[in-house]
Amino acid sequence: MTLRLQKYFSRTQKTVDRALRRWLPKTSQKPSVIHKAMRYSVFAGGKRLRPLLVIAGAEACGGKAKQVLPTACALEMIHTYSLIHDDLPAMDDDDMRRGKPTSHKVFGEAIAVLAGDALLTHAFSLLSKNASIRGVSPRAAAEVIGLVASAAGTGGMIGGQVADIQSDEGRWRRRKNNPFGTPARLLSFIHQNKTAALIQASLLAGARLAGGTANQLRALASYGKNIGLAFQIMDDVLDRVGDKKKLGKKGSDQANRKLTYPALYGLGKSYRKARACVAAAHASLAPFGAKSALLHELADYLLVRDY
């Protein structure tokens with residue numbers, strides 16, 4: 001990670017964390033256990049990548065972080081809710097997340113489910129706040145609510161998660177269990193929806209709130225799709241070869257015989273596919289010129305990250 005990108009991550013994390021502490025319900029508010037569970041998972045670590053992308057998307061189009069901060073925090077809440085639910089025994093059944101016990105191990109399964117539900121609901125309350133921020137079009141704010149809902153729903157993250165669940169235990173190898181015909185098509189669907197959709201939506205949300213042009217939105221849509229795919233491919237790779245202590249989780253994809261890039265293509269070809277996605281992401285940023293330097297650095301970072 002370059003020094004500039006490192007500083008940008010650090011500054012954004014501090015800004016977003018301050019806002020999250022302000023906007024999440026206090027633990028003193030009853031029923032306190034649900035608010036403790038929400039805060040536990042939100043503040044259990046994490047890179048704040050999606051909020052960073054909201055802010056970076058806005059800045060690339062001439063906007064400022066303060067204009068899009070509610071939306072940046074909302075995207076982090078949606079991401080956190082998805083992780084809480086992913087870790088449940090009915091899903092990936094993980095005991096650790098970012099080096100800490102998962103929500104259901106601390107609060108029980110019922111509260112963990114409800115904490116995820118509460119974060120998702122609260123996120124949309126925050127999204128609506130952007131309509132009242134000076135310099136933001138209420139119409140743009142309404143469009144962003146629809147954009148994020150679509151990316152998080154069955155046409156995006158949830159749809160990808162469903163396909164991912166159905167590919168567990170090697171079922172993707174049997175053609176009759178694969179509605180997409182081939183493992184490659186199924187894998188593409190999973191990654192484009194489970195991961196890339198919300199990453200793409202984060203960039204587009206920031207850009208739309210900042211008044212980005214149609215050309216800028218198209219460029220960021222392409223960039224977001226490609227870095228989203230690169231991010232998930234490298235996640236698959238790290239699940240195989242990464243330091244489990246740094247990753248903060250046990251890494252269960254191979255044990256569960258899930259459909260991943262290394263499982264289908266091997267490690268070498270997976271790396272090459274990730275590099276091709278990053279190259280396409282770089283090419284997408286041409287309309288922004290010098291304003292996209294940080295986004296270029298972020299794309300390169302995805303190939304060398306180790307957690």
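Which residues does Gln 232 touch, not counting residues up to four places away in sequence? Gln 232 touches His 191 and Thr 195, where contact means heavy atoms within 4.5 Å. This is a predicted model, in which local features need pLDDT of at least 70, side-chain atom pairs count only at pLDDT 80 or more, and totals for chains, interfaces and linings use all residues. Residues are numbered from 1 along each chain as its sequence is written, and side-chain values use heavy atoms, with hydrogens and water left out.

**Overall fold**

- The protein chain has 14 helices and two strands; helices (H or I, at least four residues) and strands (E, at least two) are DSSP runs, numbered from the N terminus.
- The radius of gyration is 19 Å, close to the 19 Å that the globule rule gives for 307 residues, so the chain is as compact as a globular protein of that length. The radius is taken over C-alpha atoms, and the globule rule is 2.2 Å times the number of residues to the power 0.38.
- Along the principal axes, the C-alpha atoms of the protein chain fill a box of roughly 55 × 50 × 35 Å.
- Of the 307 residues, 52% count as buried; buried means under 20% relative accessible area, exposed over 50%, and partly exposed in between (1.4 Å probe, protein chains only).
- Among contacts in the protein chain with a separation of 6 or more, 75% come from residues 24 or more positions apart.
- The protein chain exposes about 13,400 Å², and carbon and sulfur atoms supply 53% of that area. Accessible areas come from the Shrake-Rupley method with a 1.4 Å probe; for residues, only the protein chains shown count as cover.

**Helix 10 and its residues**

- Gln 232 is in helix 10 (residues 214-241), and counts as buried at 10% relative accessibility.
- Phe 231 is also found in helix 10, and is buried with a relative accessible area of 7%.
- Leaving out residues up to four places away in sequence, Phe 231 touches Lys 47, Leu 49, Arg 50, Thr 195, Ile 199, Leu 302 and Arg 305.
- The C-alpha atoms of Phe 231 and Asn 178 are separated by 24 Å, and the two residues are 53 residues apart along the chain.

**Cavities**

- A search of the whole structure finds two cavities of 30 Å³ or more. On a 1 Å grid over the protein atoms alone, a cavity is a set of points where a 1.4 Å probe fits but cannot get out, and lining residues have an atom within 4 Å of a point. Grid points are joined across faces, edges and corners, and a volume is the space filled by probe spheres set on the points.
- The largest cavity holds about 100 Å³ of space. Its lining has 13 residues, of which Ser 41, Ala 44, Asp 87, Arg 97 and Ser 103 lie nearest the centre.
- Helix 2 (32-42), helix 4 (65-86) and strand 2 (100-101) are the elements that give two or more residues to the lining of the largest cavity. Helix 4 gives the most, with three residues.
- By class, the lining of the largest cavity has five nonpolar, four polar and four charged residues. Ala, Val, Leu, Ile, Met, Phe, Trp, Tyr, Cys and Pro count as nonpolar, Asp, Glu, Lys and Arg as charged, and the others, Gly among them, as polar.
- The second largest cavity holds about 40 Å³ of space, and is lined by Phe 9, Lys 47, Leu 49, Phe 231, Leu 298, Tyr 301, Leu 302 and Arg 305.
- Helix 14 (residues 293-304) gives the most to the lining of the second largest cavity, with three residues. This lining has six nonpolar, no polar and two charged residues.

**Helix 8**

- Met 157, Gly 159, Gly 160, Gln 161, Ala 163 and Asp 164 are buried in helix 8 (residues 157-166).
- These buried residues pack against helix 4, helix 7 (138-152) and helix 9 (183-209).

**Backbone details in loops**

- The peptide bond from Lys 30 to Pro 31 is cis, with omega near -5°. Pro 31 lies in the loop between helix 1 (3-23) and helix 2.
- Arg 48, although not a glycine, has a positive phi of about 60°. Arg 48 lies in the loop between helix 2 and helix 3 (49-60), and is buried with a relative accessible area of 4%.
- Arg 98 has a positive phi near 55° and is likewise a residue other than glycine. Arg 98 lies in the loop between strand 1 (96-97) and strand 2, and counts as partly exposed at 26% relative accessibility.

Notes
On a 1 Å grid over the protein atoms alone, a cavity is a set of points where a 1.4 Å probe fits but cannot get out, and a pocket is an open set with protein on both sides within 12 Å along at least five of seven lines; lining residues have an atom within 4 Å of a point.
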